Amino acid sequence: MTLTPEQITRQWQQGQALSRDHALALASVPLSPPLLEAASVLRDTGFPHAVTYSRKVFIPLTHLCRDVCHYCTFAKTPRHLEKPYLSPDDVVALARQGAAQGCKEALFTLGEKPELRYRVARDALAEMGFATTLEYVAHVAGRVLAETGLLPHINAGCMTDEEIAFLRPVSASMGIMLESASDRLCEPGMPHYGSPDKIPAVRLQTLERAGQAKVPFTSGILIGIGETRQERIESLLALRDVHQRHGHVQEIIVQNFRAKADTLMRESPEPDLDEMLWTLAIARLVFGPAMSIQAPPNLSPGVLPKLVSAGINDWGGVSPVTPDFVNPEAPWPHLDKLAAETAQAGKVLVERLTVYPAYGRDRKQWVDAGVIPALQALSDAEGLARDDQWHAGAVLPPPKKLLDVLQKSPVHVGADLPAILQKAEAGERLDEQEVVRLFAARGDEIAAVCQAADRLRQSVNGDCVSYVVNRNINYTNICYFKCRFCAFSKGKVSENLREKPYDISMEEIQRRTLEAWERGATEVCLQGGIHPDYTGQHYLDVCEAIRAVCPSMHIHAFSPLEITQGATTLGLSLPEFLAQLKAAGLNTLPGTAAEILDDEVRAVICPDKISTDEWFDVMRAAHQQGIRSTITIMFGHVESPLHWARHLLRVRDLQAETGGFTEFVPLPFVHMESPQGLRKISRKGPTFREVLLMHAIGRLVLHPLVKNIQASWVKLGAEGVSACLSAGVNDLGGTLMNESITRAAGAAHGQEFSPEYLEGLMDAAGRSHRQRTTLYGTPEASRMARSYGAAPVQPIDEVGQPAPGLRLIHSA
């Protein structure tokens, strides 16, 4: 019995794979619109919006090969080569060219075990100190990984367990094209005759071994070399069988044969477009929605949208540096052209890494520990390739191409996106997967999300951007917690982090408060490390000391971690301790120590810190006592968009209960000097696309419960916060006067943005501006007058005390 394409689609969507018999029956099914439609629907179930590609540099390590495939021009005999192998320095130089052009993959391609056939290969390897070609591959791949940061993908042909084992530590992924599971193609007169490494059982054994070794793997079929349609399906089923046993096949390539001069198959007919479309659609029906199905774009020029219509979701590797050495007659398409043709098919072109996102997320199982740092350095939060060179805290402008997208009228938008945006704009609670979908926005979808958020901003806040004149006072950087992202906290000198440990005096806290008051501040923001000698009494004393010298200053102080520690050390409940703080002068709480409000992430980045529930317990107790607070998220390290969604929705739910949050403040992770960054165990902060989306989606998810979205100039710089004004942001936070925490992590945007400077940014963005209080009221006119043209802040030395010989200020 032959199932219709529609029946197969429904079966997969119900979680039931296509049986072998039903798959083989497809050999008699002709190409038709229903077949293509079924393949597209299945593809969209697993890969709804994007078609991916990998930006690679092609490294042809050797053209020597012991096999004699009748269609191949990659393999050459020694007399046609200047030298048998690229030298290590040549390989590294080629990889560096690729890295300079934005490549992230180094594709190693080589002939099969040439040393078994050619003495010149054996001699060349011996001269370099190697016994086999694959030993040499391991050496040069290791150098490329270490010296360029590119991720090696190794197409080394048939391999033993031992060979896979010594290649795994220097490669992110590997691959071998099955080409065909038909033994018939190895018979005399057929294309694989005389090629021992093309025996299907041998190639499938390599696939089996790679699965057992947990290697992310690529394979596929070559069509048009004399196989039948049934043999193609049998080949796809053989690949599916090995993948079902081990789960390691990342992608299935369907490659169309191209006849080449100087080969035995130079006169053989090439498969036509219909044959390619039929095979792609069948591959999708055989493998279902989760497998990546790939078609090389350079082998089907001019018809790429049709290939997308047949169910593919990936174009494979495309190189801006090197040709396709396997198909040298077929140049790579320019990436702009590839993006345009992908858009014609209703998809957005997105760069990926050689390790697919699912394997990258489960990297401890699938990627060698020595490769993970390079993988994370190149990865965004979805496990796809970072799409810009921007980093939080660095003096780099936002990508112009992304800023241009924000000004566009969205055209290519997924069919599901408008309904999610309408739901958010109506103030309804989104579910987790809807929020994750918003974070997946690419291309025109970024504009759609940001413009929806900005419509809400305009309706809720108008065109006026607010800021507060305040001062940060980080009273100690000594901390006994071991948060892996924090460069501010100081413990052992051996940590080699910025600045020395300090613990400033109560008198110095008073001095800085008074100085801030004289400069027009209405707020002091106080936070610090969890000093082992502090108890809750210290926090009470800080509030009382500030009140004693400056009764009108708003005290915005103490993270939920400090509140929890203070209550515990005094043996008080949270409500009891918060009541005492409020009586001592505390006004509001900063929403820091939130990081990512999901214990799966907290177990990695701050395992000894308060849990998600404990953070919310503090905020709920504070709100119940009339102590309002902000909300933060520190993003761009080890978490995923799913964790972002959980964080935002949990915050929304508490806000619906208490109404105590004043604003949402995204804090991009600054990686440069953080422990995680120095040890290369995290990503390099968010991309700027992720920054824009976090502000915009924060606006959408929290609407209408949280009315203010703030951008941090300390993290983003002037150009960064200006860009965020088009993504739902209505507030630029505080002038700060002093800033220690982000600078300790390597940020370079300074310690103070004066009122004049902030207002200049807003003017340039075409927005009006106003000073505000912590709770978004209007400061007294005398306060605002003092803030303009204020004298410079008294310098502070490296241990947090005023520089010697400078006069202290004792009166307001």
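**A walk through the predicted model**

Let's start at a helix end: D431 caps the N-terminal end of α18, with a side-chain oxygen 3.2 Å from the backbone nitrogen of Q433. This is a predicted model, with residues numbered from 1 along each chain as its sequence is written. Local features need pLDDT of at least 70 and side-chain atom pairs count only at pLDDT 80 or more, while totals for chains, interfaces and linings use all residues, and side-chain values use heavy atoms, with hydrogens and water left out.

A word on the labels: helices (H or I, at least four residues) and strands (E, at least two) are DSSP runs, numbered from the N terminus. Buried here means under 20% relative accessible area, exposed means over 50%, and partly exposed is in between (1.4 Å probe, protein chains only). The buried residues are E434, V435, V436, R437, L438 and F439.

Two other loops have backbone angles to look at. K214 has a positive phi of about 60° although it is not a glycine. You'll find K214 in the loop between α8 (200–212) and β5 (217–223), and its relative accessible area of 27% makes it partly exposed. E595 also isn't a glycine, yet has a positive phi, of about 50°.

Now to strand β8, which is where D314 is found. At 0% relative accessibility, D314 counts as buried. Its side chain reaches the backbone nitrogen of G316 at 2.7 Å, and it also makes a polar contact with the side chain of R352 (2.7 Å). For that term, think of a pair of N or O atoms within 3.5 Å; within protein, one must be able to donate a hydrogen and the other to accept it, and residues adjacent in sequence count only if both atoms are side-chain atoms. Leaving aside neighbours within four places in sequence, D314 is in contact with V51, T52, Y53, E251, S292, I293, Q294, A295, R352 and Y356.

Follow the chain out of β8 (314–318) and you come to T322, in the loop between that strand and α12 (335–344). T322 counts as buried, at 6% relative accessibility. Which backbone nitrogen does the T322 side chain reach? It is that of F58, at 2.8 Å. Not counting residues up to four places away in sequence, T322 touches V57, F58, L94 and W332.

Next come the helix pairs. The axes of α1 (residues 5–13) and α3 (residues 33–46) come within 8 Å and cross at roughly 15°. That makes α1 roughly parallel to α3. Axes are lines fitted to C-alpha atoms, for helices over the stretch in contact, and angles run from 0 to 180 degrees between N-to-C directions. Angles under 35 degrees count as roughly parallel, over 145 as roughly antiparallel, 65 to 115 as roughly perpendicular and the rest as oblique. On the α1 side, P5, E6, T9, W12 and Q13 meet P34, L35, A38, V41, L42 and T45 in α3. Those residues divide into 7 nonpolar, 3 polar and 1 charged. By these classes, Ala, Val, Leu, Ile, Met, Phe, Trp, Tyr, Cys and Pro are nonpolar, Asp, Glu, Lys and Arg are charged, and the others, Gly among them, are polar.

For the second pair, α21 (residues 536–549) and α22 (residues 560–570) pack at an angle of about 115°, with their axes 7 Å apart. Here G536, Q537, Y539 and L540 in α21 meet E562, Q565, G566, T569 and L570 in α22. This contact has 3 nonpolar, 5 polar and 1 charged residues.

Finally, look at S782 in helix α32 (residues 781–787). S782 counts as partly exposed, at 44% relative accessibility. Its C-alpha atom and that of P30 are 752 residues apart along the chain and separated by 82 Å.

Definitions and conventions:
Contact = heavy atoms within 4.5 Å.
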